[in-house]
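Here is a friendly briefing to read alongside the model.

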Amino acid sequence: MKKLLILSGVVGLVSLVACEDHEVIPPPVPIVDLKCACDAVINDSAVQYTDTCRYFSAKSIVSGGVSKAAYSTTIQLDNLTQGMKIEICSLEWTDDGSNTPTLAQWQTYFDNNMAPGYTTGTITNGVKVWWTDLNNKVWVSDTGGICISNFSFVSMIQDSDTTGDYMLFEASFNCKLKNSDYGVVDSIKCLENGYVKSAFRLE
């Protein structure tokens, strides 16, 4: 009888353990790696930014007509002033009311613009670089003169997560920078050996 009671107790304990609810752990949510970095030599002085990445878009929506969008990213120090901004424009598409190009249109646009020229004067399509210096003065890319001017995307990878769709990229560039805030019209600096790793966001 004693053996039977012990056996019944063991069976009851096993049944109790077997009936416990097990916690279901969902699979990890994929997160896009949005690390950014930018460095360059400007008039023989090295600059480097890695603290903060931000993403923007500017659109001109025409219902039933050709709409346009430009995409930019800034790589800044944590004071959100000094840093570099890269913009590419303009993606054109016929809007369907969503005010945003499709992911396929977005992907095709970047695939076809791996070596964009600089936007200057009447040239509105291409890439533009802004540099904010230590004194919070903004320098803008230009071409010509004694500075080398080129820009090329070394890599482009489309990735998505719960925060949105991104085009991760690395690029190398050289350009002339102009600024008139120091009392001299069109002060010039040469940006050389520029490198940027960041992303554009579809919005």
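## Briefing on the predicted model

Asp 186 and Lys 178 meet through their side chains in a salt bridge, with 3.9 Å from N to O. Please keep in mind that this is a predicted model. A search of the whole structure turns up 4 salt bridges, and the structure also holds 2 disulfides.

**Salt bridges around Lys 178**

- Lys 178 also forms a salt bridge with Asp 142, and here the closest N and O atoms are 3.0 Å apart. This pair links distant parts of the chain, with Lys 178 in strand β9 (residues 164-179) and Asp 142 in strand β7 (residues 138-142), 36 residues apart.
- Taken together, Asp 142, Lys 178 and Asp 186 are linked in a network of salt bridges.

**The Lys 68 and Glu 92 pair**

- Side chains of opposite charge can pair when their charged atoms come close.
- Lys 68 forms a salt bridge with Glu 92, and the closest N and O atoms of the pair are 3.7 Å apart.
- Lys 68 has a relative accessibility of 38%, so it counts as partly exposed.
- Glu 92 is also partly exposed, with a relative accessibility of 45%.

**The disulfide of Cys 36 and Cys 53**

- Cys 36 and Cys 53 form a disulfide in which the sulfur atoms are 1.9 Å apart. The pair links distant parts of the chain: Cys 36 sits in the loop between α1 (2-18) and β1 (37-42), while Cys 53 sits in strand β3 (residues 52-60), 17 residues apart.
- Which hand does this disulfide have? The torsion about the S-S bond of Cys 36 and Cys 53 is about -100 degrees, so the disulfide is left-handed.
- Cys 36 counts as buried, at 8% relative accessibility.
- Cys 53 is partly exposed, at a relative accessible area of 21%; the cut-off for buried is under 20%.

**The disulfide of Cys 147 and Cys 190**

- Cys 147 and Cys 190 form a disulfide, with 1.9 Å between their sulfur atoms. Cys 147 is found in the loop between β7 and β8 (150-161) and Cys 190 in strand β10 (residues 187-201), so the bond ties together parts that are 43 residues apart in sequence.
- The torsion about the S-S bond of Cys 147 and Cys 190 is about -80 degrees, which means that this disulfide is left-handed.
- Cys 147 is buried, with a relative accessible area of 9%, and Cys 190 counts as buried at 15% relative accessibility.

**Cysteine pattern and other cysteines**

- Counting bonded cysteines along the chain, the disulfides follow the pattern 1-2, 3-4. Cys 38 is in no disulfide, and the nearest cysteine sulfur, that of Cys 36, is 8.9 Å away.
- Is Cys 38 buried or exposed? Cys 38 counts as buried, at 1% relative accessibility.
- Cys 89 also counts as buried, and its relative accessibility is 8%.

**The chain as a whole**

- The secondary structure of the chain comprises 2 helices and 10 strands. Along the sequence, these elements follow the pattern α-β-β-β-β-β-α-β-β-β-β-β.
- The chain has 203 residues, and buried residues make up 36% of them.
- What share of the contacts with a separation of 6 or more comes from residues 24 or more positions apart? Such residues account for 60% of those contacts in the chain.

Note on methods
Residues numbered from 1 in each chain as written. Predicted model: local features only at pLDDT ≥ 70, side-chain atom pairs only at ≥ 80, totals over all residues. Heavy atoms only, no water. Helix = DSSP H or I, 4+ residues; strand = E, 2+ residues; numbered from the N terminus. Buried < 20%, exposed > 50% of the residue type's maximum accessible area, 1.4 Å probe, protein only. Contact = heavy atoms within 4.5 Å. Disulfide = S-S within 2.5 Å.
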